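Visitor: I'd like to learn how to read a protein–DNA surface. Could you walk me through one?

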Protein chains: 2
Amino acid sequence: MATVPNRRRTQVDRSAETRAILIRAAIELLQTLGFAGTSTALIAKRAGVTTGALHHHFATKDELLFGVLDHASERMRARLEQEKPVSPAGTLNISDTVRHLWEVYGNPEYWATWEIIIGTRSDPALHPRVVAHRLETMRMVLHPWLEHHTSEEGTRPEVIALFEFMLIAIRGLSLERFLDKDEAYFDRNLKILADLVGQRLEALAQHNFVR
Amino acid sequence: MATVPNRRRTQVDRSAETRAILIRAAIELLQTLGFAGTSTALIAKRAGVTTGALHHHFATKDELLFGVLDHASERMRARLEQEKPVSPAGTLNISDTVRHLWEVYGNPEYWATWEIIIGTRSDPALHPRVVAHRLETMRMVLHPWLEHHTSEEGTRPEVIALFEFMLIAIRGLSLERFLDKDEAYFDRNLKILADLVGQRLEALAQHNFVR
DNA sequence: ATTTACATACTGATCGATATGTATGTAAGT
DNA sequence: ACTTACATACATATCGATCAGTATGTAAAT
């Protein structure tokens with residue numbers, strides 16, 4: 001019989017694994033049950049540990065929520081970064097970009113973040129910290145990506161604004177998930193978004209050329 | 001001293017008033033504290049009655065929530081309807097339309113509806129009923145308005161789709177309220193939306209004319 | 001190489017607070 | 001008189017969190 005590898009885990013490994021399992025369980029519950037339905041008891045149960053273990057790693061539920069925010073932030077960064085600029089230099093394929101942003105920000109997993117933002121807004125102590133975390137993530141993750149992907153166009157502020165608008169629209173679209181819309185509905189509206197922005201980018205480029 | 005008018009209210013009046021007060025209190029709490037923070041005790045306290053009175057008018061909390069949905073639906077209908085088509089016949093002022101839709105759907109009061117949609121999604125019995133209520137409202141309130149306001153353009157399905165997209169974008173924008181954005185931020189993105197849609201409508205009209 | 005001493009990981013019971021909902025009594029209207 | 005509208009008091013469940021105790025890993029002492 002083969003010896004079981006790593007039968008004896010180090011303490012840091014045990015900690016890291018359990019924390020990761022708890023965070024994953026919290027994200028899944030936030031995604032499926034929402035903020036109100038995500039109790040510490042359910043999180044612990046889904047993670048396969050007890051509430052005692054949960055509170056050993058995260059003194060308060062709030063701390064666990066920030067663990068979720070950190071995790072989501074890192075995931076977002078990784079997913080955004082993995083996009084290869086497949087299009088020829090200077091030619092921004094807006095349809096692919098919309099699709100990619102939809103996969104990142106329209107993903108149900110990402111919604112856990114908004115569940116926390118919205119769900120904690122009644123907490124005068126917690127909400128400012130959540131908002132600050134959000135801003136920091138945008139500054140460290142999204143803005144660099146934005147600047148990188150609009151540099152070909154000259155980093156015009158209008159283009160940046162257009163990208164931000166795309167994110168807003170995509171987030172609005174993701175809300176429709178809660179109304180059990182089918183895939184065709186999402187495809188149709190993503191196409192509209194791509195068309196609108198594409199048309200606008202063309203106009204901007206033309207105007208820039210004429211000037 | 002002047003006699004207090006209506007010192008003796010009828011039963012139906014008492015009922016109607018208390019129900020209205022309770023619904024208004026629930027909407028305010030859903031708007032400020034969110035679904036998780038809106039308890040029956042708080043609703044009753046804010047309404048100035050006891051939980052006993054609340055449960056007399058609404059046997060369960062769910063019933064009260066549907067009362068909120070009904071109220072919001074009616075409010076939406078009234079606000080949409082009050083818009084006078086100020087523009088000359090055939091000329092749709094897209095900027096005003098965006099502004100008007102923002103006032104209706106971007107209104108914090110309206111968010112209470114989404115708070116219910118999102119907050120109850122964990123409830124297998126309640127959520128389908130909420131979704132059904134939503135669809136009914138859209139069918140009875142929004143669609144007639146949409147058809148009325150796009151008839152001048154020939155009720156092209158593409159225009160309808162564009163309007164639906166506008167609502168999606170506006171909803172996405174309303175989420176940013178939870179991140180304490182300033183008014184300029186909303187104005188800027190509403191302008192982008194209006195520009196994008198306006199440009200698209202022009203293109204559609206032109207194409208229609210050529211054809 | 002064992003043993004000893006300690007740190008860390010985790011269990012399970014339990015706390016006070018708060019959630020929704022119910023039972024019963026009282027005041028107001030018909 | 002009877003019904004409806006509300007208040008008061010309470011039942012029951014679940015929330016986040018604490019805590020005493022146990023299991024496991026780690027490092028120093030022998």
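**Reading the DNA surface**

Guide: Start with A:H57: an N or O atom of its side chain sits 2.3 Å from a phosphate oxygen of DNA strand C. A polar contact is a pair of N or O atoms within 3.5 Å; within protein, one must be able to donate a hydrogen and the other to accept it, and residues adjacent in sequence count only if both atoms are side-chain atoms. This is a predicted model: local features need pLDDT of at least 70, side-chain atom pairs count only at pLDDT 80 or more, while totals for chains, interfaces and linings use all residues. Residues are numbered from 1 along each chain as its sequence is written, chains are lettered from A and ligands numbered from 1 in the order in which they are written, and side-chain values use heavy atoms, leaving out hydrogens and water.

Visitor: Which elements give two or more residues to the surface near DNA strand C?

Guide: "Near" means a heavy atom within 4 Å, and helices are DSSP runs (H or I, at least four residues), numbered from the N terminus. Here they are α1 (11–32) and α3 (51–57) of chain A, plus α1 (11–32) and α2 (40–47) of chain B. The most comes from α3(A), with 5 residues.

Visitor: What other phosphate oxygen distances are there?

Guide: For the side chain of A:T18 it's 2.8 Å, and for a polar side-chain atom of A:H56 it's 3.0 Å.
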